[in-house]
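Dear colleague,

Please find below the structure that I am handing over to you. My findings follow directly after it.

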Amino acid sequence: MPFPGGLWWLLCCRQGFTLLRRDYGEADREADGEAEEEEASFELRAQGDQGSLEVSLSQPTRSSSGSERSLLVAEEMRSLIVEKGPELVEDDSDALVKGWLQREVRSGVKAPWIRPRRYWFVLTPDSLDYYSSNEKGARRLGSLVLTSLCAVLWPDKQTYKDTGYWSVTVFGRKHCYRLYSEQLSEAVRWVCAVQKVIDSKAPVQTPTQLLMRDIEEHCSSPEVLEQIYRCNPILRYTSSPLYAPLLPFPYGSLNQSAPGPCSYTTLRDEAVKLFNSLQQLESERDPVPLMQGVLQTCLDLPPLVDEIYCQLVKQTTEPPAPGGQGNLHYWQLLTCMSCTFLPSPPVLRFLRFHLDRTESQFPTSEMAKYASFIREALGKTKGRQCVPSLEEILVLMRRQEMICTVHCPGAASCSVAISSHTTAEEVAQELVSRLGLSQSPNLFALYEQSRRHEQPVGNTTLLADVLTRFENLAGEQREQDPPCRLCFKHYGFLDTDNVPQDSLEFALLFEQAHEMVLRGYVPTSEETLQTLAALRLQSLNSDFSTHAPCPRLEELFPPRALHARLPRPRPRTAKCHGARLRAGLLAGGLWGQALAKQRAERDQRLRGRLREEGASTVAAIVEKWKLLQGMGRPEAMAAYVALVREWPGFGSTLFDVYLRVSPLEARPQRLWLGIGAKAVSLYKPGELEPLDSFNYGRISSFGASDSSTFRLSVEDRDLLFETSQVDEIAQLLNTYLTSTGTWQPPQPQEPATSSPASAPAMLPQGLCPTAGPWLHPPPVGSFPR
């Protein structure tokens, strides 16, 4: 039955009033909510009692020492709040900026029946207010009090693309005004004005900060200090939750740039969440994962470091059960914090006072032992790149040192005791002394080794950070992959001819020569490679025996040489568009299954051919091994090194690079860049003689053009190499120049003459003024005699 005309008219009117109420009625509700909102202070509130503060306002009177006495806590907090109710628009002489702006444009959709909500905004030295209109007598709908903790965001292009408006976002304690303007100049004018008001405000200080200042001023008066702690519960342990941070944080400070997969909210919310995590420590049987999570949050959000220190000091001050399990968990986390992060100077002074106070109150307790350990750690901590590993946290909870295992090629591993502050340079120096390498002219280093990657450890790198990276990588690797490890080996060869054959250094030299052979970095004939493999077997097992253990072929013979015997696949010919389309259509049907079967059969034939070639190679190696009957291990090692030394590039560190002759070149040439003690050479892979060689006197500068391009300036030409090891190449070059005395650092008043005028004065002569890790001290173990 059709509806009568009057009923249709009634339904349309009802829908229209619903839209009007949705768009214009919400403004009244927002105004009422903002008028009733109370600006909360930074005090610690009692649970269930939102009207009274737990913090006592009766503080001891302190004398003014040349500076004005600060306001009392309550007066200072009330001074931030401007009491404004729904008033009428008057001629305000304090107004800084006035104008029409739109607030909260919905989804950027301009429907013809919905007008954008425009309000009259007035910026004063204390607040940002908005009214229903600019007429005299218009009602004030809301007000945002501006303090030094407020923040304003600049307009962004993405919002303009989505909505057609330029946005201005102002963050207050509880409210966030998102304002919109059609003109960019108008939006920029409001942002600059609001930011100027925020910058003019005095820094807000929380009660905790004021009390920290009181404690520092009265640290020599025990009676006054006891009164401060007794009258201010915010300084003492609490089992209640924290409703606001102990330190001030900017409102609406989003942490979208924080690294890692974790998504964080505002700093204020994260500070409150962390306090809840701290309280969970008291009842945790295994607190280590929770401790590591707190440390990771502090690493991702550095502004929270001081806050966590203050929270831990609070929870370890006058606890209900001193020395209990829950109390010791707080002290253990404080120990891990002191070995990872260094607080700001005010918080550091407050922390040291807390440690002294604890030691004086409980001189023989576990808490005093932790306090002493923390004080010593604070004097060594300079910042970490990674949070402590699970093993390190367990060691720190017992106030002990870690045992680090360092592997040496051809020798047993060495165990070194390290702390959270031990650098790679210190470990390298200890190993050089322990292994009797102090008189060697060559350079040594610690390396991070994994299945597919190897790189030297930086001179000032903390080994605790390296072990944490190993722990993180262990969770991502497959079970069959060998674990990452630290290795001590040669970093640079200054003299390989005068190394005694009966020394440990010669054993290291032999192992690194064998490593170069396996990686295919020693171009020689297959006959010589088989002889080298036989000498390797003789050095490992002595004379041939059917019962002697035989390593795998890939540990004796370079795999690239075996794969080079296999027939190369035919290059694919270019197909026209129609041929590619027909191949794509046929690949999904029976033809696709046939092609997959053909590829599987081809791969099986290649694997069978590879097994056959491997078996014949093993037989040839064994025959050569039998000819070495009676040769001792030192003689076999010396013969091996002598064969490898015949290649001119022996003693150089090789890097895989791609030489780009011109920026327009489509396919750069693959080369080996060999860095030696006297020159830099370029080799074509597999060839014996270098394509070109440059002694260091011909090199005018070098450095990184970008993250994947290394630039080498030789006399009047620049060579550009594409590589993923830019930093390693520059570090090694810098180390050779330093060790051989090719350059001397100039005085600050003597700028480098061969570099552009913008080069820093402290750079060595002839070095490219490019910022990078290689400008720091060379990697560990650079100990020239």
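Which strands does helix α4 lie across? In this predicted model, helix α4 (residues 184–200) lies across β3 (97–103), β4 (118–123), β5 (127–131), β7, β8 and β9 (176–181). Its direction is at about 115° to that of β3.

These strands belong to an open sheet of seven, in the order β6-β5-β4-β3-β9-β8-β7, where the pairing is antiparallel. The edges are formed by β6 (140–145) and β7 (151–153); each has a single partner strand, so one side of each has no neighbour in the sheet. On average, neighbouring strands of this sheet are turned by 35° against each other, direction ignored.

F350 is buried, because its relative accessible area is 8%, under the 20% limit. Leaving aside neighbours within four places in sequence, F350 has contacts with M212, I215, Y229, L235 and V313. C310 is 40 residues from F350 in sequence, and their C-alpha atoms are 8.6 Å apart.

Finally, the largest pocket holds about 2,100 Å³ of space. It is lined by 47 residues, of which Q449, R451, E454, E515 and R519 are the closest to its centre. Helix α16 (residues 504–518) supplies the largest share of this lining, with six residues. By type, the lining consists of 19 nonpolar, 13 polar and 15 charged residues.

With kind regards

Key
Residues are numbered from 1 along each chain as its sequence is written. This is a predicted model: local features need pLDDT of at least 70, side-chain atom pairs count only at pLDDT 80 or more; totals for chains, interfaces and linings use all residues. Side-chain values use heavy atoms; hydrogens and water are left out. On a 1 Å grid over the protein atoms alone, a cavity is a set of points where a 1.4 Å probe fits but cannot get out, and a pocket is an open set with protein on both sides within 12 Å along at least five of seven lines; lining residues have an atom within 4 Å of a point. Grid points are joined across faces, edges and corners, and a volume is the space filled by probe spheres set on the points. Helices (H or I, at least four residues) and strands (E, at least two) are DSSP runs, numbered from the N terminus. Ala, Val, Leu, Ile, Met, Phe, Trp, Tyr, Cys and Pro count as nonpolar, Asp, Glu, Lys and Arg as charged, and the others, Gly among them, as polar. Buried means under 20% relative accessible area, exposed over 50%, partly exposed in between (1.4 Å probe, protein chains only). Contact means heavy atoms within 4.5 Å. Two strands pair if DSSP finds at least two bridges between them. Axes are lines fitted to C-alpha atoms, for helices over the stretch in contact, and angles run from 0 to 180 degrees between N-to-C directions.
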